[in-house]
Amino acid sequence: MMNAYAQQKSYRQNQILTASPEQILIMLYDGAIRFVRQAIDGIENDRPSRKLEGISRALAIVAELSNTLDREVGGEMAENLDSLYHFMIREMTEARKDNSVPRLKVVDDLLSDLRETWMEAIEINRRETSANPGGAGQKQQADSEQEPPQHYRPLSAAG
């Protein structure tokens, strides 16, 4: 019989393996936000290991988001996102050194805003593809669930 931790790990792995690219993108934002908030909690409650773990994990996710940007397809928007991700990386790195909650709150706000923007874009895309007449919308919707958002390449297995 599996213990609760093993069951939860198995559930998460299955959730990731069966998720659409859009769902994975949102999961990455959710994780980064969760880890930034963990780091804030670590600073506020004098728990350095919690701070360091949160920042390290959030940095890894934001770096992966930056690394998977498709600059050829995304053009200026991908470059702007990349600049934003690098700003967040710098802020988290500085917060790790100086225990700056305000820096982490800026990163939390940016990640939350980006997550919300992607959620809106995904919803608009779904509405537009399902509104096409003659059933083509259903095929396009199914296809769009298999395609990552335009500005990202598919994640590596490590992502």
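This is a predicted model: local features need pLDDT of at least 70, side-chain atom pairs count only at pLDDT 80 or more; totals for chains, interfaces and linings use all residues.

Visitor: Is Asp 98 buried, exposed or partly exposed?
Guide: Asp 98 is partly exposed, because its relative accessibility is 40% and that class runs between 20% and 50%.

Visitor: Which other residue meets Arg 103 in a salt bridge?
Guide: Glu 91 does, with 3.0 Å from N to O. That pair links distant parts of the chain, since Glu 91 is in helix H4 (residues 71-98) and Arg 103 is in helix H5 (residues 101-130). The two are twelve residues apart.

Visitor: And how accessible are Glu 91 and Arg 103?
Guide: Glu 91 has a relative accessible area of 13%, so it counts as buried, the cut-off being under 20%. Arg 103 is partly exposed, at 25%.

Visitor: Why do such side chains pair up at all?
Guide: Side chains of opposite charge can pair when their charged atoms come close.

Visitor: Different topic. Where do Glu 123 and Arg 127 lie?
Guide: Both are in helix H5, four residues apart, which is about one turn of the helix. Glu 123 is partly exposed, with 39% relative accessibility.

Visitor: Which residues are joined into one network?
Guide: Arg 71, Glu 79 and Asp 82 are, through salt bridges that share partners.

Visitor: How many salt bridges does the whole structure have?
Guide: A search of the whole structure finds ten.

Methods: Residues are numbered from 1 along each chain as its sequence is written. Side-chain values use heavy atoms; hydrogens and water are left out. A salt bridge is a side-chain nitrogen of Lys or Arg within 4 Å of a carboxyl oxygen of Asp or Glu. Buried means under 20% relative accessible area, exposed over 50%, partly exposed in between (1.4 Å probe, protein chains only).
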